[in-house]
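I opened the notebook with two topics in mind.

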Amino acid sequence: MCQNHGVAYIKPGEVEIQEIEYPKLALGNRKCEHGVILKIVSTNICGSDQHMVRGRTTAPAGLVLGHEITGIVLEAGKDVEFIKVGDLVSVPFNIACGRCRNCKEGRTGICLNVNPARPGAAYGYVDMGGWVGGQAEYVMVPYADFNLLKFPDKDQGMAYIKDLTLLSDIFPTGYHGAVTAGVGPGSIVYVAGAGPVGLACAASCHLLGAAVVIVGDMIKERLDQAKSFGCEVIDLTKDTPLEQAIEAIIGVPEVDCFVDCVGFEARGHGAHAAEERPATVLNTAMAVTRAGGAIGIPGLYVTGDPGAKDKAAQEGSLSIRIGLGWAKSHSFYTGQCPVMKYHRQLMNAILYDKIKIAKAVNVEVISLQDAPRGYQDFDKGAAKKFVIDPHGMIA
């Protein structure tokens, strides 16, 4: 039997590589005939993982991390008809049954059958169904025919693997944020946050035809990365109010579309940049988005945040100026990205050279053993997307 190793959460600020069980085609005590076992080609470190590693969730020690997975099929259950052994596939981070009402409506981020605690599941994530994560050498994927996206040609897939690995989460999530914010040809867009999802969102805005994409962040290296592919940038550590900073770029103090790629660990702006203020981005969104505009919120907000400074925030309650958003007739779009809604089209955009998403988010490939260093660098604000190559298959 093959050995397997994975990245396990130990305690706040610490992960380690552990030997873990080789996956079985099983769900509890019954055979999982609709599943496959993958040899993982690439698996990415996500900002959502970082929330757990910082101790900002109730993640248990020993949780095997990782929900951004690309791999080769090694074994398939007898009910898998269309995915074959040897296929190179992308795994949506949303685990979905394909049978429930929400899946049939295309809302795979809130599948009703894969998590006994609440709608929606993901690999290697707290409160998301207990599924083993994919920052490992091998992993089991259920409902394979429904979930997996097969790349048309394996050799071509490996040639584009640094881009295609981003189809499991970050690229569709950034794109979803842009789409739900109403980005289209000629749009003026503000993207809050220049981490990997924010950068993927900004690149998606360009793909969708935005006229101006403005990205705000507090880390110079991330702003430089956004600027490298044509974004306007705003340094949020400066004291200039955001409305004035936007006006200095486009002549008016508001935008058509706003995308929150930060989430619940947001900080204040200017003199308050060192202070955690979890409602900052949401309130800013309502202030700078034009009346009738839309606000996409792919940034993560949680039902429980034990690391928050006040009791309300610990329970996921934030002080939001909803009256302002109501008065301006804003539309708000929240929740996980339904990856399958977008991943095939985005795959084609990559394979036909319509976007260089790995360049936009500054992919750096690291080994599985180097994953703890990747987490540390990510936490320090590195302007990179770390992609783990467990078997040394990426050139």
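**Cysteines**

I searched the whole structure for disulfides and found 0. The model is a predicted one. I then looked at Cys-32, which is in no disulfide. Its nearest cysteine sulfur belongs to Cys-97 and is 12 Å away. I also looked up burial: Cys-32 has a relative accessible area of 0%, so Cys-32 counts as buried.

Next I checked Cys-100. Its nearest cysteine sulfur is that of Cys-103, at 3.7 Å. A disulfide needs the two sulfurs within 2.5 Å, so Cys-100 is in no disulfide. Cys-100 is buried too, with a relative accessible area of 6%.

**The sheet**

I turned to an open sheet of 6 strands. I read its order as S12-S11-S10-S13-S14-S15, with parallel pairing. Which strands stand at the edges? I found S12 (232-235) and S15 (331-333) there. Each has a single partner strand, so one side of each lacks a neighbour in the sheet.

I followed one pair in detail. S11 (residues 212-217) pairs with S12 in the parallel sense over 4 bridges. Within this pairing I noted Gly-216 opposite Ile-234 in S12.

**Helices on the sheet**

I looked up two helices that pack on the sheet. H7 (residues 196-207) touches S10 (188-192), S11 and S13 (255-260). The direction of H7 makes about 170 degrees with that of S10. H9 (residues 242-250) touches S10, S11, S12 and S13. I noted about 155 degrees between the direction of H9 and that of S12.

Technical notes:
Residues numbered from 1 in each chain as written. Predicted model: local features only at pLDDT ≥ 70, side-chain atom pairs only at ≥ 80, totals over all residues. Heavy atoms only, no water. Buried < 20%, exposed > 50% of the residue type's maximum accessible area, 1.4 Å probe, protein only. Pairing = 2+ DSSP bridges. Contact = heavy atoms within 4.5 Å. Axes fitted to C-alpha atoms, helices over the stretch in contact; angles between N-to-C directions.
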